[in-house]
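Hi,

Here is the structure we talked about. Please have it open while you read the notes.

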Amino acid sequence: MGNRLARVREERGWKKARLLHELRAAAARRGEQLPKDESLARRIAVWENQGGVVGDFYRELLCEVYRCSAVELGLVEPPQPQPVAAAPVTEPLELPEFTRLDSGLVDLLRSQTQTIRLLDRRLGGATVHGQAVAHVETVESLVRNALPGTSREHAADELGQAAALAGWQALDMGRLPEAWRLHEVATAAARESGQPAGLGYARAQQAFILLDAGRAADALDLITSAHDITSGPVPRELLAWLHAAQGEALAALGDRDAALRSLDAAAAALPTQPEHALPYLMLDAGHLARWRGHCLARLGETSAIDDLGTALAAMPDGQFGRAEVSLRVDLALALRARGEAAESRAQAERAGRLAGRTGSERQRRRIRELLGP
């Protein structure tokens, strides 16, 4: 058994650290926690080198991360062959009717995703979430029943984008299990599409679910994994976004210096002119400044106030949305840290009214924490 487990890891080119990360991610999806890395690494060494017995729980995790059966991993004995009886006469096997995907149909799916994306930015996720989920189900069915080929890969890429969008809406609405499920659809679709940018983005965005669940260390691991996925040539805007996401996870962990280094790396990676290479990614200097202010506010830094106030004044009148709600909550948090309780409360109450329009339960929760009972 041990040699087989070691061979499987070697065939995939995984270091032990990668296996540790994948096992933790699989356990997190089940709502379980694993022991510290040192203890878990010792278990793996016993399994791989000494043929140690793998319990049912770890057997299921290993099967999930390696995408192999317990028999293929050598964790259980293969079933004994049974005597073969004469095959009964059956009707010919009927295959499902395959979807005939082509570039025109993929363009229509892409257009619908973009429409939902624009509505989401203007109206908030709660308004269009049902439409987004229905779109995901439609594209998923088309991909599942399509023959392999370029059009299927392009449709899978679109499925990944649509599922990540619907998953983010679910997160904003406070539906963490649904958000996780939709991001699992997104990462699986991105793998099939062969697009590292889409996979890295969906994986890192999934980390924000862990942040909202109070699991900042696991979120940082997931973002680090996304960095590894996108180590090849990807748009610089995505690299900047990943650095900023890493900065937020580090801020949640209270690691101020590392968080600021990641935010500086994001600013350095951001191109001077927008690339617009990825339709699902909006990031410019203004967005990055607001993100930096959010991280500073999360760290309790009063220096965030000036940046957040400037960003708020620059927002167009009457164009409320998730961005303004989040910005006002961050400003309220920074003002409270500076001792300006009345102004902090005013910003939080204003954010609360806007959050009611956008349906953002995620921001309403932050506002409740600010305002107290």
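Below are the notes on its cavities.

This is a predicted model: local features need pLDDT of at least 70, side-chain atom pairs count only at pLDDT 80 or more, and totals for chains, interfaces and linings use all residues. Residues are numbered from 1 along each chain as its sequence is written, and side-chain values use heavy atoms, with hydrogens and water left out.

A search of the whole structure gave three cavities of 30 Å³ or more. A cavity is a set of points, on a 1 Å grid over the protein atoms alone, where a 1.4 Å probe fits but cannot get out; lining residues have an atom within 4 Å of a point. Points are joined across faces, edges and corners, and a volume is the space filled by probe spheres set on them.

**Largest cavity**

Its volume is about 70 Å³. The lining is His 21, Arg 24, Ala 25, Ala 28, Trp 180, Leu 210, Asp 218, Asp 221 and Leu 222. α2 gives the most, with four. Helices are DSSP runs (H or I, at least four residues), numbered from the N terminus. By class, the lining has five nonpolar, one polar and three charged residues. Nonpolar means Ala, Val, Leu, Ile, Met, Phe, Trp, Tyr, Cys and Pro; charged means Asp, Glu, Lys and Arg; the others, Gly among them, are polar.

**Second largest cavity**

This one has a volume of about 60 Å³. Asp 157, Gly 160, Gln 161, Ala 164, Ala 190, Gly 198, Tyr 201, Ala 202 and Tyr 280 line it. Two or more residues come from each of α7 (150-172) and α9 (196-212). α7 has the largest share, four residues.

Best wishes

Definitions and conventions. On a 1 Å grid over the protein atoms alone, a cavity is a set of points where a 1.4 Å probe fits but cannot get out, and a pocket is an open set with protein on both sides within 12 Å along at least five of seven lines; lining residues have an atom within 4 Å of a point.
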